[in-house]
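Reader: I am new to this structure. Could you walk me through some of the words used for it?

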Amino acid sequence: MVRTINATTAAKHFREVLNDVEHRGETFEVERHGRLVARIGPTSPAAVRLVRWKEALGALSAGPAPDADFYGDLEEVKRQVERLPEDPWAPSSTAPF
């Protein structure tokens with residue numbers, strides 16, 4: 001996909017432009033005073049590797065499964081961890097003031 005932006009927008013949002021180039025494979029044409037002066041895009045088609053949801057879910061599914069004790073261990077940790085107060089912003093009884 002090619003998007004046209006002006007030089008001011010490119011300068012103000014350069015980090016986002018580079019992120020879109022790197023992670024989405026987008027190309028930007030930069031205009032100054034209505035004239036095309038630059039193109040910012042991936043260095044090569046192979047430089048961009050998009051992972052599709054199906055591939056990501058497949059990789060997660062192929063990963064190691066939790067052992068038989070995992071769920072019991074998780075419940076034990078939950079029991080040991082202190083519960084958060086109803087209102088986390090309420091003053092605590094141990095406050096020095």
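Reader: Why is Asp20 called buried?

Author: Asp20 has a relative accessible area of 12%, and buried means under 20%, exposed over 50% and partly exposed in between, with a 1.4 Å probe and protein chains only; so Asp20 counts as buried. A word on the basis: this is a predicted model, where local features need pLDDT of at least 70 and side-chain atom pairs pLDDT 80 or more, while totals for chains, interfaces and linings use all residues. Residues are numbered from 1 along each chain as its sequence is written, and side-chain values use heavy atoms, leaving out hydrogens and water.

Reader: Which residues does Asp20 touch, not counting those up to four places away in sequence?

Author: They are Arg3, Gly25, Glu26 and Phe28, where contact means heavy atoms within 4.5 Å.

Reader: And where is Asp20 found?

Author: In helix α2, residues 14–24. Helices (H or I, at least four residues) and strands (E, at least two) are DSSP runs, numbered from the N terminus.

Reader: What makes His33 exposed?

Author: Its relative accessible area is 76%, so His33 passes the cut-off for exposed. His33 lies in the loop between β2 (27–32) and β3 (35–40), and has a positive phi of about 55° although it is not a glycine.

Reader: How do you know that Leu60 is exposed or buried?

Author: Leu60 has 68% relative accessibility, so the word is exposed. Leu60 belongs to helix α3, which spans residues 53–62.
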